[in-house]
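Subject: Structure for you to look at

Dear colleague,

Here is the structure I said I would pass on. My notes follow below it.

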Amino acid sequence: LNLRELLPPPQITQPLGSYDRPTVIQSMAWPALLKGQDVIGIAETGSGKTLAFLLPMLLHVLAQEAETPRCPIGLVLAPTRELAK
């Protein structure tokens with residue numbers, strides 16, 4: 001699974017530039033996450049875990065219709081201490 005197969009809108013792909021080949025963690029996580037399944041991803045720092053989880057969430061958020069009252073539809077947690085340094 002590559003980035004172009006996901007068919008993300010331009011507001012997502014434009015900041016990524018020419019990036020279109022996912023890392024191993026991304027290519028393994030995206031199919032399950034896009035189906036709404038839970039995933040626990042364990043990989044080295046710099047392996048692409050953030051984008052592995054963020055891209056499916058952004059696609060989910062963008063697919064939602066405006067609702068009243070608005071409620072949370074995505075959650076981003078703070079990075080680990082290792083990345084916060």
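This is a predicted model: local features need pLDDT of at least 70, side-chain atom pairs count only at pLDDT 80 or more; totals for chains, interfaces and linings use all residues.

Leu-54, Leu-58 and Val-76 make a nonpolar surface patch of about 230 Å². One of the three residues, Leu-58, lies in helix α3. Leu-58 counts as partly exposed because its relative accessibility is 32%, and buried would require under 20%.

Other residues of α3 are buried: Leu-51, Ala-52, Leu-55, Pro-56, Met-57 and Leu-59. These buried residues pack against α1 (10-16) and α2.

What makes up the largest nonpolar core? It has 11 residues: Leu-3, Leu-6, Ile-12, Ile-25, Ala-29, Trp-30, Leu-33, Leu-51, Ala-52, Leu-55 and Leu-59. Two or more of these residues come from each of α2 (24-34) and α3 (49-63). In soluble globular proteins, nonpolar side chains tend to be buried together.

As for the chain as a whole, there are four helices and zero strands, in the order α-α-α-α from the N terminus. Of its 85 residues, 22% count as buried. The accessible surface comes to about 6,700 Å², and carbon and sulfur atoms account for 58% of that. Among contacts with a separation of 6 or more, 44% are between residues 24 or more positions apart.

Regards

Technical notes. Residues are numbered from 1 along each chain as its sequence is written. Side-chain values use heavy atoms; hydrogens and water are left out. A nonpolar core is a set of buried Ala, Val, Leu, Ile, Met, Phe, Trp, Tyr and Cys residues joined through side-chain atoms within 4.5 Å. Buried means under 20% relative accessible area, exposed over 50%, partly exposed in between (1.4 Å probe, protein chains only). Patches are made of residues with over 30% relative accessible area and no salt bridge: like charges are joined within 9 Å, nonpolar side chains (Val, Leu, Ile, Met, Phe, Trp, Tyr) within 5 Å. Accessible areas come from the Shrake-Rupley method with a 1.4 Å probe; for residues, only the protein chains shown count as cover. A salt bridge is a side-chain nitrogen of Lys or Arg within 4 Å of a carboxyl oxygen of Asp or Glu. Contact means heavy atoms within 4.5 Å.
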